[in-house]
Amino acid sequence: MSPNGRITPSTLSIKDLPWQIYWDRQRCTLCGRCTAVCPVNAIELGVYRQRLVETSIGLNEAPSSVHKVYYGIRQKTDPAYACVGCAMCSLVCPNDCIIPYRTDEADKLRFHINQGGQPRRRGGRRNVPGGILDQIKFIRISMLTDPALDAGRHEFELRTLLGRVLPPEESLRLLKHSGWMPPVREIYPLIIGAMSFGAISPTMWEGLQMGVAYLNEELGMPVRISTGEGGCPPRLLRSRFIKYVILQIASGYFGWDEIIHAIPEMKEDPCAVEIKYGQGAKPGDGGLLMWHKVNKLIAAIRGVPAGVSLPSPPTHQTKYSIEESVAKMIQSMYMAWGFRVPVYPKISGTSTALAVLNNLTRNPYAAALAIDGEDGGTGAAYNVSMNHMGHPIASNIRDCYLNLVKLGKQNEIPLFAAGGVGKQGNLAANAAALIMLGASGVQIGKYIMQAAAGCLGSESDRCNICNIGLCPKGITSQDPRLYRRLDPKKVAERVVDVFLSFDTELKKIVAPLGRSTSLPIGMSDAIGINDKAAAERLEIKYVV
Amino acid sequence: MCRLLAVTSKEPQSPMLAMQALDVMREGHDGSGVGLFLSDLAGPFQELNGAPILSGIFTNAGMKRLDEFMMEVGFLTKYKLSIKVGKSPPKGTPRRDMYLIQAYEYPQTWEELSENEVHHRLMLIRLQLRQMGNEKEDMIVFSFWPDVIMIKEIGDPLTVAEYLHLDRDELRARVMLVQGRQNTNYEINLYACHPFFIQGVATMTNGENTAFVPIREFLMSRGFPGYIGYQSDSEVFTHILHFMLTRLGLGIEAYKHVITPLTNEDLERHPNGPFLKHLKHSCRRLIIDGPNCVMGCLPDKTLFMVQDRKKLRPGVVGGKLGLYAICSEMCGLDAVIPDRDRTKDFQPMYLDTAFIRPARKELSICRQTEELPLPH
């Protein structure tokens with residue numbers, strides 16, 4: 001800034017930004033890769049003026065100073081171009097001369113990221129690291145009274161049920177009289193949660209689907225994946241692989257025209273239908289696919305015009321009460337597949353979850369309840385929704401489970417937990433903790449993006465630009481120049497890696513607890529926590 | 001690990017036979033307690049024509065309260081065996097006022113009741129007495145059922161048996177379950193001692209039940225008043241069996257399909273595959289995870305033994321025509337039936353249910369992979 005330059009309220013210096021780019025002039029080759037790759041154009045070619053002292057050899061000429069010009073990288077300070085910390089520049093730099101660093105204090109950008117009165121919108125996750133799940137320990141170790149099992153050699157049956165499980169008496173009575181029984185799927189307890197075709201790129205989708213198909217067909221692991229609210233590619237709908245897919249219907253009904261028309265041509269039934277009433281990242285808010293990502297393909301699958309933002313309403317417009325939602329919508333979705341496909345609602349974690357659950361218990365068709373806690377991630381949402389709205393999953397799932405126990409319906413309506421599972425990388429430990437609190441299974445989204453595709457996002461606000469289609473890894477972009485970076489086969493390989501290692505870790509948790517023949521749902525005597533209030537709240541042991 | 005023995009004999013036997021066998025297996029239990037279940041009774045208790053027998057431990061005050069209570073309900077004493085003991089009990093055994101085994105005439109008002117209703121009321125009376133006893137700590141009630149006597153006490157099995165003079169003629173029976181306790185709790189609660197009993201079903205178990213909490217939650221939420229207690233994680237085995245027999249109408253052959261269902265691969269090959277898959281799904285909350293060996297007696301006096309899916313506990317069954325025994329250890333079996341054909345001894349593995357029907361003619365083995373006899 002020149003001495004007589006003007007400053008505006010939003011004039012920021014590099015110091016005010018959340019990420020500061022360190023660049024080493026000595027090692028830079030000026031190749032330009034970093035500026036080319038930066039998804040938000042935070043850096044540009046910089047022309048710097050420099051004063052140098054030149055001394056000649058000998059005594060004839062006095063030393064003097066000269067002004068010279070050199071070239072390098074300049075970080076922009078305009079809030080619209082602030083560095084997001086993705087560090088793609090470091091990834092592509094041949095000489096390792098550039099890297100973004102997190103500022104050493106709270107940034108000032110956060111006060112200016114609402115230019116034009118538009119609050120910040122972003123993708124990613126709640127920017128709060130840590131959580132209660134990582135504090136839960138598995139304390140009931142089988143010692144001399146009962147032998148611990150061998151995780152490597154024992155026979156394990158770690159499957160779960162998705163579907164309305166009838167009480168034993170009722171089940172046998174209906175079986176005897178050949179009555180209709182709700183369809184039940186036996187699936188792997190770790191589900192790839194809803195990430196829509198549109199929110200994530202075609203290569204990412206293909207990779208996930210390939211990975212899931214491989215796990216099912218080659219490794220015999222009944223892993224399931226939810227489509228999210230964006231429809232399903234026509235070829236997949238008509239393939240045998242649709243049985244590994246949970247079709248999601250949400251308030252925008254995107255893609256359902258295509259799905260309904262495909263029903264007569266479907267070779268297999270889908271695994272289930274998930275009715276999305278809410279999600280953890282933006283509770284009480286509808287889905288949002290910003291116009292950047294609505295290209296021709298996405299528009300065609302969703303049945304909408306290209307290039308327009310697609311906000312789904314916060315609620316299903318045809319429903320005005322829970323009775324409507326639960327009774328009519330669940331039943332009509334059942335009807336679509338001749339009552340052969342389980343249909344269940346997914347809601348945001350909320351203090352009203354018990355009311356929803358109690359309604360479901362009285363509806364014989366409700367196949368499950370999925371709850372997405374406050375740590376759920378998303379492709380796009382308002383920052384305030386993501387950071388401040390929602391209910392933590394642990395107590396929500398525990399309350400629901402204990403409520404079912406009171407009603408004697410535990411596991412008859414399986415509960416699926418999501419939102420922050422594996423947030424700190426401890427996927428199996430978090431999943432097992434939730435299962436022992438009462439979940440029948442868990443759903444993951446962000447974890448699979450990080451582990452299977454190398455998503456750069458973190459809880460300290462790194463990257464988080466999934467919403468504008470500029471994902472530098474090509475995971476959440478619809479721009480072929482970006483998503484070509486992602487090899488679907490490699491994604492599939494990583495999906496398989498994730499599930500295999502999860503399976504081993506889960507066995508390493510349940511085997512020492514003496515469990516192998518069934519998933520230890522609600523085995524709350526096995527867990528403890530070093531936090532008295534949390535222990536009381538979750539009705540588990542307090543251990544120090 | 002506790003030691004267990006179940007005997008079924010055509011000729012009435014003294015409980016001392018079982019106690020001596022427990023003593024042979026002394027290395028396997030710490031002498032911290034003994035539990036005894038007698039059925040198919042001989043002697044005076046055989047002549048009772050289905051009159052219910054109350055078994056328990058009472059203080060003098062408790063006896064008084066019991067008599068008042070039973071009078072009020074309309075029960076009249078038909079036969080009474082009260083075991084009064086000396087002033088100095090063996091080491092570790094508490095001093096009790098009275099061990100009571102008392103048979104009652106049904107109240108007149110019960111005559112018109114259905115069998116199910118009578119059974120239900122008998123159980124409720126037992127629960128009510130237990131509740132009364134808990135309040136004033138003056139009674140401990142083990143069973144109230146026709147043709148069933150139960151005695152439990154803290155201490156070394158053989159010493160306690162001698163102290164209580166269990167060799168008396170009145171106590172001979174054709175079916176016996178007995179447990180020698182290995183204590184894993186500091187304080188011994190007699191309600192935590194095996195065998196457990198509910199409406200004619202008795203079982204006792206070896207080992208820890210790692211799936212105890214979810215199973216207990218399931219049973220307690222059935223709305224059935226008898227599914228309470230659970231001072232021991234093994235009590236759920238009795239209640240699961242009772243649930244299966246009474247609520248699901250299935251036979252003992254299905255017990256393992258409830259507590260340790262087959263893998264999906266096995267179910268696909270099974271003649272009753274679809275049925276068993278439904279059973280597995282709807283009874284998923286009753287799946288045990290071992291390590292457990294369960295022995296028990298059904299209402300029709302069939303004795304049985306099953307192992308958990310991993311078969312991590314010992315158990316052997318053997319015998320001869322008219323006399324069979326199921327036991328934790330071979331040496332216990334030898335003590336009861338030394339002259340049997342040992343080559344016919346059988347150690348059930350993870351798929352087997354071994355049982356001896358009341359005729360005591362043979363040992364039957366039902367493998368889980370075999371076709372299931374289903375009710376029509």
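**Figure 1. Where is the place of Pro195(B)?** You'll find Pro195(B) in the loop between strand S8 (173-180) and S9 of chain B. Helices (H or I, at least four residues) and strands (E, at least two) are DSSP runs, numbered from the N terminus. The peptide bond from His194(B) to Pro195(B) is cis, with omega near -10 degrees. Before you go on, remember that this is a predicted model: local features need pLDDT of at least 70, and side-chain atom pairs count only at pLDDT 80 or more, while totals for chains, interfaces and linings use all residues. Residues are numbered from 1 along each chain as its sequence is written, and chains are lettered from A and ligands numbered from 1 in the order in which they are written.

Figure 2. Most residues other than glycine have a negative phi, and most peptide bonds are trans. Because 20 other C-beta atoms lie within 10 Å of its own, Gln199(B) counts as buried. Tyr230(B) isn't a glycine either, yet has a positive phi of about 60 degrees. Look for Tyr230(B) in the loop between H5 and H6 of chain B. Tyr230(B) has 19 C-beta neighbours inside 10 Å, so it counts as partly exposed.

**Figure 3. An open sheet of six strands in chain B.** The strands come in the order S9-S10-S11-S12-S15-S16, with antiparallel pairing; two strands pair if DSSP finds at least two bridges between them. Strand S9 (196-198) and strand S16 (363-367) of chain B are the edge strands, each pairing on one side only. From one strand to the next, the twist averages 20 degrees. Zoom in on strand S10 (residues 201-206) and strand S11 (residues 293-297) of chain B, and you'll see an antiparallel pair with five bridges. In this pair, Asn206(B) stands opposite Cys293(B) of S11(B). Helix H6 (residues 235-247) of chain B packs on the sheet and touches S9, S10 and S11 of chain B. The direction of H6(B) makes about 140 degrees with that of S10(B). For such angles, axes are lines fitted to C-alpha atoms, for helices over the stretch in contact, and angles run from 0 to 180 degrees between N-to-C directions. As for contact, two residues have one if their C-beta atoms, placed from the backbone, lie within 7 Å.

**Figure 4. Helix H5 of chain B and what covers it.** Seven of the nine residues of helix H5 (residues 212-220) of chain B are buried, so the rest of the structure largely encloses this helix. Among the buried residues of H5(B) are Pro214(B), Arg216(B), Glu217(B) and Phe218(B). Their cover includes H11 of chain A together with H6 of chain B.

**Figure 5. Where chain A meets chain B.** Chain A brings 31 residues to the contact and chain B brings 28 residues. On the chain A side, helix H3 (168-176) and helix H11 (393-407) are the elements giving two or more residues. H3(A) gives the most, with five residues. Sorted by class, this side of chain A has 13 nonpolar, twelve polar and six charged residues. Ala, Val, Leu, Ile, Met, Phe, Trp, Tyr, Cys and Pro count as nonpolar, Asp, Glu, Lys and Arg as charged, and the others, Gly among them, as polar.

**Figure 6. Helices H13 and H15 of chain A crossing.** The axes of helix H13 (residues 446-453) and helix H15 (residues 488-510) of chain A come within 8 Å and cross at roughly 120 degrees. On the H13(A) side, the contact is made by Ile448(A), Ala451(A), Ala452(A) and Ala453(A). H15(A) answers with Val491(A), Arg494(A), Val495(A) and Val498(A). The contact residues divide into seven nonpolar, no polar and one charged.

**Figure 7. Strand S12 of chain A, mostly covered.** In strand S12 (residues 272-276) of chain A, five of the five residues are buried. Ala272(A), Glu274(A) and Lys276(A) point one way, and Val273(A) and Ile275(A) point the other way. Strand S11 (residues 245-249) of chain A runs parallel to S12(A), and four bridges join them. One bridge has Ile246(A) partnered with Ala272(A) in S12(A).

Technical notes: A residue is buried if 20 or more other C-beta atoms lie within 10 Å of its own, exposed if 12 or fewer, and partly exposed in between; C-beta atoms are placed from the backbone.
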